[in-house]
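We will go from stop to stop, picking residues and seeing what surrounds them.

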Amino acid sequence: IKKLIKLLLPEAILTKIIRPQICYQGDFTSWSDALKACDGYDADNIIEKVRDAAMKVKNGEAAYERDSMTFDRLEHDEPLAEILLQAAEENNGVLKVLDFGGSLGSLYFQHRDLFTGLQEVIWCVVEQGKFVKYGKADFEDEHLKFRYTIETACEEFDFNVLLLGSVLPYIEKPYELITSLKQLPVDYMVITRTPVFVDGGDDRLTVQKVPEVIYDASYPAWFFPENKLIRAFEPEFNLISELGSIRHDILLGNPDAIAVEKGYILRKDK
């Protein structure tokens, strides 16, 4: 039945159907313990699948892609688009985005049609080495760039937006990363698709299992107490608005472990 469904339904519809099946299990005390509980995955296979999907977008065969899944109809993330254009307006029509963990430019391709009237656009993805290698070879142009580290990207470009798109949960030491990121001279930080507990609680380290229809993978993933996560960016950056949330009722199948996937827009305190 699963094979028949994959054959009959477009990937975009499949994504909406199977998204609730992305599950999180466990409550681990260390990153190494969580790694031991992962099934492992073929990293090269995942990167190839993402590259193939991104090439379809680049060649006009798909509107955009996310997590290697292609979509036929373009849909902007309206709150994200709004803050990007606002940042550009405040900077005389210049938008320079540091997209940390941005794959092969997924969010850039999803929103690039909105940038045609701007004075200057630089969208720089900082990613794992193999993503950067593919990015430089197949996707880099006058607007979209790929760099191996935040440091080298910041030496080359003056960014006004830092984008953290569903990346903080997959960092071994996220609060140490936040401490370094909030020193960057950007005007805005935009956090998207991040699972949090909205009613307090503690940081929880789980193993995320990805449905096979996307790709066969499992890896450590954090859930953050919302208030603690926001406070970690203070006082350098302060919350100005929240992005939409998706309810997670599937953490361990435990009704007491309900979380939401949210996003936040933070502005540098001037």
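Start by selecting N92, in the loop between α5 and β4 (94–100); helices (H or I, at least four residues) and strands (E, at least two) are DSSP runs, numbered from the N terminus. Check the backbone here: N92 has a positive phi of about 60 degrees, although it is not a glycine. N92 is exposed, with a relative accessible area of 69%; buried means under 20%, exposed over 50%, and partly exposed in between, using a 1.4 Å probe and protein chains only.

Before moving on, note that this is a predicted model, where local features need pLDDT of at least 70 and side-chain atom pairs count only at pLDDT 80 or more, while totals for chains, interfaces and linings use all residues. Residues are numbered from 1 along each chain as its sequence is written, and side-chain values use heavy atoms, leaving out hydrogens and water.

Next, pick S103 in the loop between β4 and α6 (106–111). S103 also has a positive phi, about 55 degrees, without being a glycine. Is S103 buried or exposed? With a relative accessible area of 15%, S103 is buried.

For another backbone feature, go to E234 and P235, which are joined by a cis peptide bond with omega at about 0 degrees. P235 sits in the loop between α10 (226–231) and β11.

Now select S241, in strand β11 (residues 237–248). S241 is partly exposed at 30% relative accessible area. Show its surroundings: apart from neighbours within four places in sequence, S241 is in contact (heavy atoms within 4.5 Å) with Y264 and I265.

E90 belongs to helix α5 (residues 78–90) and R267 to strand β12 (residues 259–268), so the pair ties together parts that are 177 residues apart in sequence. Both ends are partly exposed: E90 at 39% and R267 at 25%.

How many salt bridges are there by this rule? The count comes to 13. One of them joins the side chains of E75 and R73, at 2.8 Å from N to O. E75 is partly exposed at 31%, whereas R73 is exposed at 58%.

Colour K136, E140, R147 and E156 together, as they are linked in a network of salt bridges. Within it, R147 and E156 bring their closest N and O atoms to 2.9 Å. R147 is buried at 12%, while E156 is partly exposed at 45%.

For the last stop, display helix α4 (residues 43–58) and helix α7 (residues 129–138), which pack at an angle of about 25 degrees with their axes 11 Å apart. Axes are lines fitted to C-alpha atoms, for helices over the stretch in contact, and angles run from 0 to 180 degrees between N-to-C directions. The two helices are therefore roughly parallel, a label for angles under 35 degrees. Residues making the contact include I47, V50 and M55 of α4 and F131 and Y134 of α7.

Notes:
Parallel < 35°, antiparallel > 145°, perpendicular 65-115°, else oblique. Salt bridge = Lys/Arg side-chain N within 4 Å of Asp/Glu carboxyl O.
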